[in-house]
Amino acid sequence: MSRIALTASATSTLVALNRAATRQWTNLFPRFRATTTSPSKIFANSPSNPFRLRCSSSAANAGGVADTVSESEQSPANFVWSDSKRPRVCILGGGFGGLYTALRLESLEWPDDKTPQIVLVDQSERFVFKPLLYELLSGEVDEWEIAPRFSDLLVNTSVVFLKDRVKCLHPSDNWRTNESKASSCGGTVHLESGLLIEYDWLVLSLGAETKLDVVPGAAEYAFPFSTLEDARKVNNKLTTLERKTFGKDFQISVAVVGCGYSGVELAATIAERLQNKGIVRAINVDTIICPNAPPGNREAALKVLSSRSVELLLGYFVRGIQRVSELESKDPPTGLDESSIEAANGFERYILELQPAERGMESKIIEADLVLWTVGSKPPLDQLEPSDAPYVLPLNARGQAETDETLRVKGHPRIFALGDSSALRDSKGRILPATAQVAFQQADFTGWNLWAAINGRPLLPFRFQNLGEMMTLGRNDAAISPSFVEGLTLEGPVGHTARKIAYLMRLPTDQHRLKVGISWLTKSAIDSVSLLQSTLTKVLSSS
């Protein structure tokens, strides 16, 4: 991302006048705040703008031209809040935790003088409903349905959205802070664009990033599947492979590393998409798939994977990934088919070296046209530590912030953390899993506890209520194990319908739910008519 340096090019009087005008503009047009997609636009769109924009890019070697700004010219810009007296809440991350916390705060009743000003920061312009990413690969949903723009979701709210990346945190709160002073600053957030946000309350919901640097070759050749951009890349790669092999006697080989929920859902979805035109192999270090899943879900998944001829390589971990074309000048690994290098002339093929996790098993070499990586993730909180004062937040070995039962970061009464960013433990001392339903529930509590903290009320301890687990297994297949009926598992078309209804109810806003619901009903009606026509055609042709 290009870094934007804002340099003062007018007198301090003009700066003050411009900021005053900005406040008047946002008060007159509240939708302007909700649809703001870039912090630079706050300053750059006005003809009387007293700042000069200068962009310096780390990608200058790729053809860009970097504009050098001297140290004396650099001057970071402060984000201008609309009201200097009302509480300022900054939410970092627009996933389930961050967006739903913002919407929860908007839904609560507030005293006029304590209605919070809310800024939501995310590096993407779209919210992504991640449990439905797999349906993009199967063609069951459209992108707008599961990845609406923040500006559309927040258009009827007072939430300001900034498309930016967090660079550094400078919290100034601690347990010695006089919390009775609602206007006291809790700290500052530095964004990569150069914008500084001073806040009273901070919410950390930055999610987690896939770790690809643990195995040689994974970062270069494997595709993660966690973000909308990841899903686009995987779908484009599959489409390219399908086009290249169309009409040829060639099977596309896909390797899925990891057999947790994400890996199993990917393997089932891709196997259904490729059908007899592809081979899907799923690799897992454990000897069972989805080890933490309810038995009913695991059994349903095994049944579907077996019916689609997915090869399970259990008890193995990936030692390394190499591109076949790189082996032409080297001695190929033992077990590699000699025809693989020739086959790679028309395709980029990869070699995965598998090491057994237990004794008594032999190493394996497998080939793949596409490698999908679903294991290992880490929150980016440790990357946000200021260089001059590291370890300002209590982080565990996974990079999650240690929180108390009210979701406040330990030692920082003005910072809340939830979702992947939180290391909250259950009654047995185990860290809660990084799942969508945990983030949903934590967002409700975080919104309420922010209300309580701002209004001087007691905070509520978070208690996770496990509602059950769901997984998709294809266009008309899924498995659901609700927690309120022991031993019950809904699978097949019934589970698929129940899962989609459950997630439809969880979409962020009423307006978006209505649009998506109508879209899904329309598609279902079209599919039903198409199926009826196909059935009638077969009956008539047979008679």
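I began at Cys 90, which lies in strand S4 (residues 88-92); strands here are DSSP runs of E with at least two residues, helices are runs of H or I with at least four, and both are numbered from the N terminus. The model is predicted, so I took local features only at pLDDT of at least 70 and side-chain atom pairs only at pLDDT 80 or more, while totals for chains, interfaces and linings use all residues. Residues are numbered from 1 along each chain as its sequence is written, and side-chain values use heavy atoms, without hydrogens and water.

I looked up the accessibility of Cys 90: at 0% relative accessibility it counts as buried (buried is under 20% relative accessible area, exposed over 50%, partly exposed in between, with a 1.4 Å probe and protein chains only). Leaving aside neighbours within four places in sequence, I found Cys 90 in contact with Val 119, Val 189, Ile 197, Tyr 199, Trp 201, Leu 202 and Val 203 (contact means heavy atoms within 4.5 Å). From Cys 90 to Leu 120 I noted 30 residues in sequence and 6.2 Å between C-alpha atoms.

Next I listed the nonpolar cores, which are sets of buried Ala, Val, Leu, Ile, Met, Phe, Trp, Tyr and Cys residues joined through side-chain atoms within 4.5 Å. The largest has 83 residues, and Leu 99, Phe 129, Val 254, Val 264 and Ile 270 touch the most other members. Helix H13 (residues 436-454) gives the largest share of this core, ten residues. A second, separate core has 25 residues, among them Val 189, Leu 191, Ile 197 and Leu 381.

I then turned to helices H14 (residues 492-506) and H15 (residues 510-542), whose axes come within 9 Å and cross at roughly 155° (axes are lines fitted to C-alpha atoms over the stretch in contact, with angles from 0 to 180 degrees between N-to-C directions). H14 and H15 are therefore roughly antiparallel, a label for angles over 145 degrees. The contact is made by Lys 500, Leu 504 and Met 505 of H14 and by Arg 513, Val 516, Gly 517 and Trp 520 of H15.

Last, I checked phi. Most residues other than glycine have a negative phi. Ser 309 has a positive phi of about 60°; I placed Ser 309 in the loop between helix H11 (295-307) and strand S15 (311-314). Leu 407 has a positive phi near 75° and sits in the loop between strand S20 (377-378) and strand S21 (415-417). Ser 309 is exposed at 58% relative accessible area, whereas Leu 407 is buried at 0%.

Notes:
Angles under 35 degrees count as roughly parallel, over 145 as roughly antiparallel, 65 to 115 as roughly perpendicular and the rest as oblique.
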